[in-house]
2 protein chains.
Amino acid sequence: MSVPSQRFVRNTLLGALDLRDYEAVRAVAEPVSLARRDVLIAAGQPITHVHFLESGVVSEVTATPGGRRIEVNLTGREGFVGVPLLLDVDRTPYESFVQIEGEALRVEGVAFLRLIQAHDALRRCLSLYAYVAHLQTADTAISNGNHTLEERLARWLLMCHDRVPGDALPVTHAFLSTMLGVRRPGVTTAIHSLEGAGGIRARRSQVEVLDREKLKAAAGGSYGMPEREYRRLIGVAP
Amino acid sequence: MSVPSQRFVRNTLLGALDLRDYEAVRAVAEPVSLARRDVLIAAGQPITHVHFLESGVVSEVTATPGGRRIEVNLTGREGFVGVPLLLDVDRTPYESFVQIEGEALRVEGVAFLRLIQAHDALRRCLSLYAYVAHLQTADTAISNGNHTLEERLARWLLMCHDRVPGDALPVTHAFLSTMLGVRRPGVTTAIHSLEGAGGIRARRSQVEVLDREKLKAAAGGSYGMPEREYRRLIGVAP
DNA sequence: GCCGATCTGTACTGAGTCGTACAATCGCGA
DNA sequence: TCGCGATTGTACGACTCAGTACAGATCGGC
C-alpha cells in the first residue's frame, strides 16, 4: 500500500502536523465529496464523523423559533467540522451543512477519539482551531450587535473569499440574507453599495471579489481578528 | 495539614470531580477574593491564572474600535475563567473582568497545564464547560442579530440571576447598556416594560427578579439552550 | 443637612432595518 | 423558442433603536 505524502493534503490543520501524526490520521480517514446542502452534523443528533475540509465551505447555523436560520460559524480548509467531539461532547443543537461544494477527509467518531487520545500534538493543534472558531463566533456576536448590514456583509464576503479558490463566490442574495439573519432586499441594497465602492462585482447567483482592501474598509473593522489569531497560533492562513 | 472536604466547594465543575482529581486541584489552588472591576484576563496579555469561581460573576467583553465594549460571555460558579489555557492558547484579545464581586480558587497557569495533563477526567470536565461557553457565545450572536432590546435584556437578567444568590442583581442601566451594546435610555425603557409585565422590580442600581417565568416569556425563546446543555452534560445547574 | 456625583426618566430627530408587495430580469429545460 | 421558476430590483410605511440633551431623583460623604 502506498503511503500518502503529506504535501498533497490541502487541509491546513493536517498540513501543520508532523509526518507521524499526519499518517495516523490518514490511516483512519476516508476521502468524501461534499455536495451543496449535505448535512454533516444534524441538530441534536449524535455526531458520527469529523470532517477535515480539503475544499469547499461549511456553515454552522441555528434554527430560531420562527424557522429562520442564522449563521454562527464558517469553516473551510483551514479547519474541521466536529469541534464538539474534540471537547468530549457527542451532539450539538446547531446544524452544519455544506454551503459550497468541496472535498473532505472524514474520520469516524470513535476512531477520532482514539486518535486524539494517542496523539497529543494532534489534540493540541485541533484545540487551537477550536479556540479560533470560538473567537470567530464571538466576533459574529459583536458584528451582529454593533455593525450595519453593509459592514456585516463585507465581513462575510471576506471570510468566504478566504476559503474559496478564485474570486467568484456562488451565493444568492436570499442565501446571504439567511446567513446574516437580515431581510433579503436589504442584502440587494448593500451589494449595490459595495459594488459602487468597487469592492465587488455582482452577477446572478454570484458575487465576484474585486478588491479585498476596499471590502476591508467597508467592513469597518469587523473583519480580521480571528484570522490574525489563526496565523499567530497555527501558521499560514489558507 | 487538613484535607479539604469536597462538600465545601461551591464551584460546580470542581464539585463534579471525584475526590482524587478534586484534591489535586485543591493542592495547587489558592483562594482569592474578587472585587468589582478586577481584571482576571487582560486583552492581549498572557493569561497567568485560571479562576474557578466560587461566587460572583465575571464578564468577557471586547473593545470595539470606538472604545465601546460589548459582552460575549458570562461566567459564574458554574464555570471557570481561562478557557484558552485549556485549549493551549496563552492569551486572548478579549478582557475578563469582575462584574459582581465574589470569590474564586485560582490556579497558576503552568500548574494548570500540568493538572490537565495528568488528570484526564478533569480535562474532559473542563472541556464540556468550554463547549457550553462556546454555545453561550453562539447564542449571544443569535440574540444580537434576531432579538429586540427587551428580549435580550430579559435573557441577560436571567443568565445573571442564575449565577447570583438571591434575587437582587446589583446593576445600573448604564452597565446593562454596555453589556448589551445598546443605548442607555433604551435600557431604561425596556426595564419599565419588564417591570410593567411583573417580571422584575427596579430600584436604584439594582434589579430584583420577581418572576422568572415572566422573564422567560419576555425573552422570546432567546434564553435557555446553553443552560439545558449544561445540565445534560455536567449535571445540576447552580 | 447640604453638596456633588451618580443614576434614572423623558424628549426629540434621524438612521437603519423590517415586513411586505410586486415588477423586471435571467437562465434552464421542454 | 417559449415558458416557468428562480433571482434580483424597487417601493412604501412602520417600527426599533441611535445619538443627544437635559431635568429630576437618589445616595454617600462631609
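Start by selecting Asp88(B) and Arg124(A): their side chains form a salt bridge, with N to O at 3.6 Å. Keep in mind that this is a predicted model.

**Stop 1: the interface**

Which salt-bridge count does the rule give across the interface of chain A and chain B? It finds four. Polar contacts come next. Between the two chains, eight residue pairs are in polar contact, both residues at pLDDT 80 or more.

Select β5 (69-75), α5 (120-146) and α10 (225-233) of chain A. Each of these elements supplies at least two residues of the side of chain A that touches chain B. Which of them gives the most to that side? Colour α5(A): this helix gives the most, with 19 residues.

Colour the side of chain A that touches chain B by residue class. There are 18 nonpolar, 13 polar and 10 charged residues on that side.

Step back to the whole interface. On chain A, 41 residues are in contact with 41 residues of chain B. The size of an interface is often given as the accessible area lost when the parts come together. Here chain A and chain B bury about 3,300 Å² between them. Carbon and sulfur atoms carry 63% of that area.

**Stop 2: α4 and α5 of chain A**

Stay on chain A and select helix α4 (residues 109-118) together with α5(A). Their axes come within 5 Å and cross at roughly 105 degrees. An angle from 65 to 115 degrees counts as roughly perpendicular, so α4(A) is roughly perpendicular to α5(A).

Show side chains where the two helices meet. From α4(A), pick Phe112(A), Leu115(A), Ile116(A), Gln117(A) and Ala118(A). They meet Asp120(A), Leu122(A), Arg123(A) and Leu126(A) in α5(A). By class, this contact of α4(A) with α5(A) has six nonpolar, one polar and two charged residues.

**Stop 3: α7 and α8 of chain B**

Move to chain B. Select helix α7 (residues 173-180) and helix α8 (residues 184-196). At what angle do these helices of chain B pack? The angle is about 110 degrees, and the axes are 8 Å apart. That angle makes α7(B) roughly perpendicular to α8(B).

Show the residues that make the contact. On α7(B) they are His173(B), Ala174(B), Leu176(B) and Ser177(B). On α8(B) they are Arg184(B), Val187(B), Thr188(B) and Ile191(B). Colour them by class to finish: the contact of α7(B) with α8(B) has four nonpolar, three polar and one charged residues.

Note on methods
Residues numbered from 1 in each chain as written. Chains lettered and ligands numbered in written order. Predicted model: local features only at pLDDT ≥ 70, side-chain atom pairs only at ≥ 80, totals over all residues. Heavy atoms only, no water. Axes fitted to C-alpha atoms, helices over the stretch in contact; angles between N-to-C directions. Helix = DSSP H or I, 4+ residues; strand = E, 2+ residues; numbered from the N terminus. Parallel < 35°, antiparallel > 145°, perpendicular 65-115°, else oblique. Contact = heavy atoms within 4.5 Å. Nonpolar A, V, L, I, M, F, W, Y, C, P; charged D, E, K, R; others polar. Buried area = accessible area lost by both parts, 1.4 Å probe. Polar contact = N/O pair within 3.5 Å; in protein donor to acceptor, adjacent residues only side chain to side chain.
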